[in-house]
Amino acid sequence: MISMIIRKYEPSDCKETAELFYHTVHTVNAKDYTKKQLNAWAAVNMDMREWNRTLLEHFSMAAIENNRIVGFGDIDTRGYLDRLYVHKDYQKQGVATAICNELEQFMNRNKIMTQASITAKSFFEQRGYQVVRKQEVMRNGIFLTNYLMEKEMHSP
């Protein structure tokens, strides 16, 4: 287990989270998607203003280890868990679990939804999410397979 801290996303995290997203998609997800699909999902030229805007609008958390972002995630006010990405060198070390715990605790909803990649599907299933349906989504003109998943949240 690594010694990380989880804190709220800050505007100064924009570039680092965008780079982490790009590199994670192109390495970790490469076993489940084609190069064309990876490029459509995580393009080199991202709209950084839009990326920052959505992370600031949502409840967004960053995992920090040695002054470096090793993971991040966000959830919107409707209970849609939008992004959850962990640096390729920090996979399976509890980073995604810690971020997801924060996002789920923040959300005062009966149900949380996400669109999980083929790669992330088993992670979410282990957390109690269930597949609603397998789907083909269009990203920049290319179809990608993912899974609409939901988790029933129980109040304490």
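Which strand gives the largest share of the lining of the largest pocket? In this predicted model, that share comes from strand β4, residues 80–86, which contributes seven residues. The pocket itself holds about 1300 Å³ of space. Its lining comprises 46 residues, and those closest to the pocket centre are Phe21, Trp41, Arg83, Leu84 and Tyr85. By residue class, the lining divides into 22 nonpolar, 17 polar and seven charged residues.

Strand β4 belongs to an open sheet of seven strands. The strand order is β1-β2-β3-β4-β5-β7-β6, and the pairing is mixed. The edges are taken by β1 (5–8) and β6 (130–139). Each of these edge strands has a single partner, so one side of each is left without a neighbour in the sheet. From one strand to the next, the twist averages 30°. Helix α1, residues 14–27, packs on this sheet. The helix touches both β3 (68–75) and β4. The direction of α1 makes about 90° with that of β3. In a regular strand, side chains alternate between the two faces of the sheet.

Arg139 stands opposite Ile142 of β7.

Which residues does Met153 contact, leaving aside its neighbours within four places in sequence? The partners are Glu104, Arg109, Asn110, Lys111 and Ile112. A further spacing relates Met153 to Tyr129, 24 residues apart along the chain. The C-alpha atoms of Met153 and Tyr129 are separated by 9.9 Å.

Key
Residues numbered from 1 in each chain as written. Predicted model: local features only at pLDDT ≥ 70, side-chain atom pairs only at ≥ 80, totals over all residues. Heavy atoms only, no water. 1 Å grid on protein atoms, 1.4 Å probe; cavity = no way out; pocket = protein on both sides within 12 Å on 5 of 7 lines; lining within 4 Å. Points joined across faces, edges and corners; volume = space filled by probe spheres on them. Helix = DSSP H or I, 4+ residues; strand = E, 2+ residues; numbered from the N terminus. Nonpolar A, V, L, I, M, F, W, Y, C, P; charged D, E, K, R; others polar. Contact = heavy atoms within 4.5 Å. Pairing = 2+ DSSP bridges. Axes fitted to C-alpha atoms, helices over the stretch in contact; angles between N-to-C directions.
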